Amino acid sequence: MKKALTIPTEPIGSIPRPPELIDAIAKRGGNDPSLEPLFDDAIRDTIDRFEATGSPVISDGEQRKYHNFWTYSVQGLANTAADGFKIPFVAGHTRRMLRLTGGPFHYKNYADSYLDLALRYAHVPVKQAVISPSALSLMYPPDGIPDYPRDQFIDDLLSEHETEVRACLRKGAHKVQIDFTEGRLASKIDSSGVLLQSFIDLNNLALARFSAAELQRIGVHTCPGGDLDSTHSADVDYAELLPQLFGLMAGNFYIALAGERDRVRVLKIIREHMRADQRIFVGVVAPIDKRVETAEQVKDRVLEAAQYIPLEQLGTTDDCGFSPFCDDTSTTRETAFAKIRARVQGTALAAKILGGH
Ligand SMILES: [Zn+2]
């Protein structure tokens, strides 16, 4: 009998936090030890419900990234100030990064500590998302820091990132996903592509430290941002991003696609620029769209993608996390898990058809 075809499917990462956890963080701050039981309950419940969707790979829902996916590693550092780089969202609000005020630069929190907890509760493989060096590079102020030149900062940053990724790989992360939401934003800020290329070059300096086998477990996520049901760079044409994006040395790409206006056009760009050793996980559900996709809709999206991406290089994912910023309650946990269930079931339906069963 022919072996059944499987199309890999993975989440991006974040799941909305339980309202009682969000309230407690708002009242007590994210580092109060009295929050520990709430974090623990949230992680356990997230993993239980994630596994119940049938998703063959899960995450901890980033329950412990108590500010957001971008600054979790530096939150609480004494040598930072609150007035850093601003991310403007189309809905009108902004999110703000921390600014580095002095050297040396070190992480305060490493994502492998989240993985430790998740692996304690999970029965299926767990992936871990980490923030990209290029996102954190925006912490360094444009006018410099006395006695701590930018080159020294970049060396320290790359070393901290490598430490974090290596620890996740060593502890058994199914994949380590580097969140690169600022890639598409870079194309919006600088349409010449110079800023984007500088981000890609920086991230490749980090990726170059890993072996070919390790790179097959490392991926990069690109999206137009997702916060309070809004985006920061959905108006940027993928034609300005993807050709350069595939210059990253990672073995896996997690590309938001479900929310795109013209998916076929994007798939053609992917087909033209993807490389032979890269797996492309296309987004088949859209976290910022309130409507829950059906398994049938997902199946159709996978069949569409399979016309452009060879099956041995195709995977599916969510377009983005369901709440990259921890206080975002625009999507409920119920909706997030319903969308994930549709992704898993629709991907399996498509695999059945494509595998000839
Ligand atoms: Zn995203």
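This is a predicted model: local features need pLDDT of at least 70, side-chain atom pairs count only at pLDDT 80 or more; totals for chains, interfaces and linings use all residues.
Local features required pLDDT of at least 70 and side-chain atom pairs pLDDT 80 or more, whereas totals for chains, interfaces and linings use all residues. Residues are numbered from 1 along each chain as its sequence is written, and side-chain values use heavy atoms, without hydrogens and water.

A salt bridge is a side-chain nitrogen of Lys or Arg within 4 Å of a carboxyl oxygen of Asp or Glu. The count came to 26 salt bridges. One of them pairs Glu10 with Lys127 at 3.1 Å, N to O. Glu10 precedes helix H1 (19-28), and Lys127 sits in the loop between helix H3 (112-121) and strand E5 (128-131), so the pair ties together parts 117 residues apart in sequence. Helices (H or I, at least four residues) and strands (E, at least two) are DSSP runs, numbered from the N terminus. Glu10 is buried at 1% relative accessibility. Lys127 is also buried, at 2%. Buried means under 20% relative accessible area, exposed over 50%, and partly exposed in between (1.4 Å probe, protein chains only).

Glu296 and Lys299 form a salt bridge, with their closest N and O atoms 3.1 Å apart. Both lie in helix H11 (residues 295-306), 3 residues apart, about one turn of the helix. Glu296 is partly exposed at 44%, whereas Lys299 is buried at 14%. Shared partners join Asp45, Arg49, Arg333 and Glu334 into one salt-bridge network.
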